[in-house]
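Subject: Structure for you to look at, with notes on helix packing

Dear colleague,

Please find below the structure that I said I would pass on. Could you read the notes with the model open beside you?

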Amino acid sequence: MAIGSVMSIHGQARKVTTHTLQEMKSANEKITMLTAYDFSLAKLVDKAGVDIILVGDSASNVMAGHATTVPITLDHMIYHAQCVERAVDRALIVVDMPFGSYQGNSTVALESAVRIMKESNGHSVKLEGGAEVVESVKRILIAGIPVMGHLGLTPQSIYKFGTYTVRAKEEEEAAKLISDAKLLEDAGCFAIVLEKIPRELAKKVSQAISIPTIGIGAGPDCDGQVLVLHDLLGITMDFSPRFLRRYLNLSEDINNAISQYCDDVRSGDFPNEDESYSE
Ligand code: KIV
């Protein structure tokens with residue numbers, strides 16, 4: 001049986017740990033990761049056998065309707081992580097550290113990470129950036145909290161970048177990204193998300209470091225892939241980047257179901273005899 005398989009030799013759902021992910025990279029077994037922000041969908045994602053559930057700060061866009069990930073707070077992230085944690089039996093839960101909870105001050109970073117772990121029961125944290133945040137990464141790791149890195153397009157810096165276009169196409173930025181990946185590996189991160197970078201660069205990084213890379217818009221040579229669940233399910237239809245594969249068109253199905261419900265109520269068809277209680 002493959003190392004990362006859902007079942008253990010005892011037939012029980014085997015919990016995914018950071019060690020499992022490392023074993024999967026060594027065995028050339030691809031790692032699956034999806035976002036979730038609430039109990040019901042996290043339960044479905046976990047049951048389907050996804051290896052890592054990311055309580056992403058994309059909740060800021062998907063759940064709260066903000067244009068960027070900047071406004072979401074530490075309290076909001078902890079709330080979403082608590083909801084997800086109650087649902088999950090198998091997957092490793094990674095919780096995004098939101099903008100403002102770690103940048104520029106490693107003491108604040110450590111306090112934020114400790115709050116996430118104590119209050120949400122999540123299993124690990126993720127933060128964006130390389131050399132700029134490596135001191136925070138080290139302090140969080142010393143406290144015994146596993147850290148996932150995030151390089152390439154780092155949406156919390158959108159006001160610095162100005163656009164959501166592909167990152168690290170130029171040699172200088174690509175060289176910094178490779179050096180940042182090695183720094184994060186040396187610091188002790190257990191994996192790194194590579195977002196929206198050329199596939200050749202993602203391949204180079206994945207071969208240059210021994211920890212798993214998880215790509216989003218970074219091509220097929222990463223050790224795993226991540227998507228935002230609501231994009232994959234076709235709930236968010238106004239977001240269509242090249243890298244996105246939609247597996248359902250739920251927005252249409254949901255719209256049809258709700259329209260049908262309204263018609264049935266208005267026509268008096270719902271509720272019918274079978275759907276009513278009698279004395
Ligand atoms: O918040 C998020 O959903 C993410 C993924 C895009 C990797 O960070």
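This is a predicted model: local features need pLDDT of at least 70, side-chain atom pairs count only at pLDDT 80 or more; totals for chains, interfaces and linings use all residues.

Residues are numbered from 1 along each chain as its sequence is written, and side-chain values use heavy atoms, with hydrogens and water left out.

Helix pairs

Helices (H or I, at least four residues) and strands (E, at least two) are DSSP runs, numbered from the N terminus. Axes are lines fitted to C-alpha atoms, for helices over the stretch in contact, and angles run from 0 to 180 degrees between N-to-C directions. The axes of helix H8 (residues 171-187) and helix H9 (residues 199-208) come within 10 Å of each other and cross at roughly 30 degrees. That makes H8 roughly parallel to H9, given that angles under 35 degrees count as roughly parallel, over 145 as roughly antiparallel, 65 to 115 as roughly perpendicular and the rest as oblique. The crossing of H8 past H9 is right-handed; a crossing is called left-handed if the near helix is turned anticlockwise from the far one by less than a right angle, and right-handed if clockwise.

On the H8 side, Ala174, Leu177, Ile178, Ala181, Lys182 and Glu185 meet Leu201, Lys204, Val205 and Ala208 of H9, where contact means heavy atoms within 4.5 Å. By class, the residues of this contact of H8 with H9 are seven nonpolar, no polar and three charged. Here Ala, Val, Leu, Ile, Met, Phe, Trp, Tyr, Cys and Pro count as nonpolar, Asp, Glu, Lys and Arg as charged, and the others, Gly among them, as polar.

H8 also packs with helix H6 (residues 134-142), at an angle of about 20 degrees and with the axes 9 Å apart. That makes H6 roughly parallel to H8, and H6 passes H8 in a right-handed crossing. Val134, Val137, Lys138 and Leu141 of H6 meet Leu183, Leu184 and Ala187 of H8, and this contact of H6 with H8 has six nonpolar, no polar and one charged residues.

Helix H4 (74-85) and helix H5 (residues 106-120) pack at an angle of about 35 degrees, with their axes 9 Å apart. Their contact is made by Leu74, Asp75, Ile78, Ala81, Gln82 and Glu85 of H4 together with Ser112, Arg115, Ile116, Glu119 and Ser120 of H5, and by class it has four nonpolar, three polar and four charged residues.

Buried means under 20% relative accessible area, exposed over 50%, and partly exposed in between (1.4 Å probe, protein chains only). In H9 the buried residues are Leu201, Ala202, Val205 and Ser206. They cover an arc of only 135 degrees around the axis, which puts them on the same side of H9; the arc is that of the directions from the helix axis to the C-beta atoms. On the other side of H9, Glu200, Lys204 and Gln207 are exposed. The cover over the buried residues of H9 includes helix H1 (18-26), H8, strand S6 (191-195) and strand S7 (213-216).

In helix H2 (residues 39-47), Ala42, Val45 and Asp46 are buried. They cover an arc of only 95 degrees around the axis, so they are on the same side of H2. The face turned away from that buried side carries the exposed residues Leu44 and Lys47, while the buried residues of H2 pack against strand S1 (31-35), strand S2 (52-55), H4 and helix H10 (229-232).

Single residues

Arg199 lies in H9 and is partly exposed, with a relative accessible area of 43%.

His230, in H10, is buried with a relative accessible area of 7%, and touches Tyr37, Leu41, Val62, Met63, Ile235 and Thr236. Thr154, in the loop between strand S5 (147-152) and helix H7 (158-161), counts as buried at 8% relative accessibility, and touches Glu128, Gly129 and Phe161.

Technical notes
Lists of a residue's contacts leave out its neighbours within four places in sequence.
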